[in-house]
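Work through the exercises below with the model open beside you, and try each task before you read its solution.

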Amino acid sequence: MFKNTFQSGFLSILYSLGSKPLQIWDKEVVNGHVKRPQDEDIQSNVLEIVGSNVQSTYITCPADPAATLGIKLPFLVMIVKNLKQYFTFEIQVLDDKNVRRRFRASNFQVCKSSLFPVLAVTRVKPFICTMPLRMDEGWNQIQLNLADFTRRAYGTNYVETLRVQVHANCRLRRIYFADRLYSEEELPPEFKLYLPMQVLTAHLFNYYHFCISILTLLISQVLCAPIAETMMLLWNSLNLFGRSVGVFVVTIDRIV
């Protein structure tokens, strides 16, 4: 699809605000939906993929099952919202041995415990590598270095990406490839995710809440409990904002 296209900088394959965001995509929906609602956090239209079974509801690019993307840019970036449900996506690449490999990341491979937030293992098989995915609340930015993944998992060199498949359950803002990782200041305005002022304020207040809690704990140990309780009452009277929503870089366990 893009094999004969000059590739440099950014190459976007999905943008939720476009007139036809799924123009080069196909979709499969069983007991679910793929629609474009307005997200309450960013107050803008997004692509929502929801289904009772993550395997049977998904979007895939390119739409033609016989076609390939032919994208040589090694970094894949997805701006995705955590819906607090099972979610998985899969990237198919071609390496310099002319072998097709698949990288699949899923949040249902992550085992949570009170002592260890993430207990999961990356599994490498001849043609597929499965990885645990941990996402924070709200909007996340998933960054994948496909060249590094291919080299670490299979000892081969990344050539190009053939296919991208995103399963339920998530909300998508944009999916794009890049020649390198760009800082927030380097990104074009249309590639950034702008949060409303009240959401950013809530995020700031919750950060202060965390700092105050730590400070209160220290003071209660050094001085006395009544002073600590007074500080907490004062803070709680000011903290009138809801839970924060931010953009986070997702943690994907490194391949060893």
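**Exercise 1.** In this predicted model, find what share of the contacts between residues at least 6 apart in sequence join residues at least 24 apart.

*Solution.* Begin with those contacts in the chain whose partners are at least 6 apart in sequence, and then keep the ones whose partners are at least 24 apart, which gives 74%.

**Exercise 2.** Locate the cis peptide bond that joins Ala168 and Asn169, and the one that runs from Cys61 to Pro62.

*Solution.* Then turn to Ala168 and Asn169, whose cis bond has an omega of about 10°; Asn169 lies in the loop between β14 (158-167) and β15 (170-178).

**Exercise 3.** Decide whether Asn98, a residue other than glycine with a positive phi, is buried or exposed.

*Solution.* Phi of Asn98 is near 60°, and the residue sits in the loop between β9 (88-95) and β10 (100-106). Its relative accessible area is 62%, and the cut-off for exposed is over 50%, so Asn98 is exposed.

**Exercise 4.** Classify Gln43 by its relative accessibility.

*Solution.* Gln43 belongs to the loop between β4 (38-39) and β5 (44-45), and its phi is positive, near 55°. Its relative accessibility is 46%, so Gln43 counts as partly exposed.

How values were computed. Residues numbered from 1 in each chain as written. Predicted model: local features only at pLDDT ≥ 70, side-chain atom pairs only at ≥ 80, totals over all residues. Heavy atoms only, no water. Contact = heavy atoms within 4.5 Å. Helix = DSSP H or I, 4+ residues; strand = E, 2+ residues; numbered from the N terminus. Buried < 20%, exposed > 50% of the residue type's maximum accessible area, 1.4 Å probe, protein only.
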